[in-house]
Amino acid sequence: HNNEKQIRAQEAQLKSRRLQIQKTNSIIVFLIGKLPPAKQNSSLNHETNEDIDKEFKFQEQMVLQSDSVSLHQLLRKSALVDIRLVSAKTGYGMEGLVSRLQRSWKCAGDVYLLGATNSGKSTLFNTLLRSDYCKSRAPDIIDRATVSPWPGTTLNLLKFPIINPTCDRIFRRQERLKEEAAKTEDQLSIEEKKYLNQLKKQGYLVGRVGRTFQQQKSSTEIDFDPDMLSYSMDEDPRDPPKKHEEREEFTHNEVKDARWCFDTPGIVKEDCVLNLLTEKEVKLVLPSHAIVPRTFILKPGMVLFLAALGRIDYLEGEKPAWFSVLASNLLPVHVTTLSNADTIYEKHTAQEFLKVPMGGEERMKEFPPLVPQDITLKGIGTTEAVADIKLSSAGWVAVTAHAEEELLLRAYTPKGTALVVREPPLLPYISTIRGARIPGTPAYRTKKPPSFVENLRTTGSR
């Protein structure tokens with residue numbers, strides 16, 4: 001579904017921007033996304049904690065998938081300065097990222113946000129635009145980046161001018177952060193509490209992004225014309241003529257020596273399941289709210305479906321095992337027996353029961369079949385997952401088994417998409433975040449973890 005002209009436009013813009021980066025002193029902020037992809041050196045991928053350097057090199061290769069311009073050499077010559085966990089959507093870690101950029105990079109050069117589609121570049125751009133990283137007048141002048149689930153939406157290279165972090169500005173910013181960190185949630189205004197509650201629905205790690213340097217806005221003058229308020233009995237009231245509002249622009253002095261932060265088009269990953277989906281399906285797959293973990297206990301001979309985008313068969317093992325699904329809350333999870341699995345897939349694929357993909361038989365004529373990969377795992381204990389099975393970008397399943405218990409699993413993803421086994425798992429104790437077992441089913445009641453708000457003083461025990 002990716003338009004060829006659109007892809008060619010992306011490639012041309014990326015090539016032009018890379019050549020420009022080579023000629024300037026610049027820093028690159030590379031967004032890995034919600035999960036770092038594993039190295040692609042086999043049909044079934046394994047990821048370990050020792051692979052950080054290899055992961056970074058893989059990210060370089062992913063940036064270069066459009067063409068072979070020498071950004072690779074540029075990145076290799078540059079040191080990897082920092083790795084940070086942030087959420088531009090909820091604000092978590094953003095103040096720390098701004099401080100890190102200002103402290104280490106100051107205003108020495110331009111900044112480029114690079115990454116795959118749906119990794120959050122445009123959301124990060126918009127959040128930085130409303131932060132202390134941006135010149136105070138810029139938010140009223142710069143267009144916000146378009147945030148969309150559709151790959152290639154950000155075709156124009158949007159930019160904003162970076163504020164110069166002078167000693168005085170750094171001091172004032174630190175004073176604001178200290179003052180905010182001394183507050184408790186009860187001391188926030190009604191508007192701040194309402195906004196904070198909205199953020200908590202979107203994620204478990206929440207932060208507030210404030211502004212130290214605000215542009216002073218002039219008071220609005222109201223023109224009063226008594227003739228516009230009076231009219232005779234035989235004529236209708238007249239609407240006042242609309243004044244032409246001129247768009248604000250930067251002055252020459254504001255931009256002559258400015259350094260800029262650029263948003264760039266997303267790079268399409270070839271092995272991503274999102275490439276196979278329609279826009280409506282993508283909106284169901286990409287989480288819009290905080291993911292609630294769903295845990296199931298399976299015996300050998302049972303099968304778990306994640307919509308029609310992923311399937312895991314528990315083939316061999318001595319004892320039951322726990323499978324915790326972390327995916328969009330809108331994607332259905334169904335558990336059945338191995339003998340019924342193929343029938344359910346054939347009957348309910350592209351129907352409401354499995355939901356994604358959707359569109360009936362016609363849709364499935366162009367959708368690739370599920371392809372299996374066998375996986376062998378050895379359990380650690382009943383409270384700690386041994387590995388995650390990542391079903392491309394549809395989500396992942398954390399597998400928890402009894403200590404020393406050997407499991408033989410068979411996982412499926414659509415042909416041409418990535419299947420990743422992550423050892424150790426990202427959230428090893430996720431299976432413990434669950435309610436009571438639902439009688440007569442393999443499912444547990446869901447339990448939403450509490451939210452954590454940074455830069456706020458906590459009261460009482462947590």
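**Working chat on a predicted model**

Q: How many helices and strands does the protein chain have?
A: The protein chain has 12 helices and 17 strands, and the model they belong to is a predicted one.

Q: And what share of the 462 residues is buried?
A: Buried residues account for 45% of the 462 residues in the protein chain.

Q: Of the contacts between residues at least 6 apart in sequence, what percentage join residues at least 24 apart?
A: For that set of contacts in the protein chain, 75% join residues at least 24 apart.

Q: Let's go to helix packing: at what angle do α4 and α6 pack, and how far apart are their axes?
A: Helix α4, covering residues 94-104, packs with helix α6, covering residues 167-181, at an angle of about 160°, and the two axes are 12 Å apart. Because angles over 145 degrees count as roughly antiparallel, α4 is roughly antiparallel to α6.

Q: Is that crossing left-handed or right-handed?
A: The crossing of α4 and α6 is left-handed.

Q: Which residues make the contact?
A: From α4 the contact uses Glu-95, Val-98, Ser-99 and Gln-102, while α6 contributes Ile-170, Arg-173, Gln-174, Arg-176 and Leu-177. Sorted by class, this contact of α4 with α6 has three nonpolar, three polar and three charged residues.

Q: What about α5, how many of its nine residues are buried?
A: Eight of the nine residues of helix α5, which spans residues 121-129, are buried, so α5 is largely enclosed by the rest of the structure. The buried ones are Lys-121, Ser-122, Leu-124, Phe-125, Asn-126, Thr-127, Leu-128 and Leu-129.

Q: Switching to cysteines, how many disulfides are there?
A: A search of the whole structure finds zero disulfides. Cys-134 is in no disulfide, and the nearest cysteine sulfur to that of Cys-134, belonging to Cys-261, lies 8.6 Å away, whereas a disulfide would need the two sulfur atoms within 2.5 Å.

Q: Is Cys-134 buried or exposed?
A: Cys-134 counts as buried, because its relative accessibility is 0%, whereas Cys-167 is exposed, with a relative accessible area of 72%.

Q: One more residue, where is Ser-324?
A: Ser-324 sits in strand β10, which runs over residues 321-327, and it is buried, with a relative accessible area of 0%.

Q: Which residues does Ser-324 touch, leaving out those up to four places away in sequence?
A: With those left out, Ser-324 touches Arg-294, Thr-295, Trp-396, Val-397, Ala-398, Ile-430 and Ser-431. The C-alpha atoms of Ser-324 and Ser-431 are separated by 5.8 Å, although these two residues are 107 residues apart along the chain.

Technical notes:
Residues numbered from 1 in each chain as written. Predicted model: local features only at pLDDT ≥ 70, side-chain atom pairs only at ≥ 80, totals over all residues. Heavy atoms only, no water. Axes fitted to C-alpha atoms, helices over the stretch in contact; angles between N-to-C directions. Helix = DSSP H or I, 4+ residues; strand = E, 2+ residues; numbered from the N terminus. Parallel < 35°, antiparallel > 145°, perpendicular 65-115°, else oblique. Left-handed = near helix turned anticlockwise from the far one by under 90°. Contact = heavy atoms within 4.5 Å. Nonpolar A, V, L, I, M, F, W, Y, C, P; charged D, E, K, R; others polar. Buried < 20%, exposed > 50% of the residue type's maximum accessible area, 1.4 Å probe, protein only.
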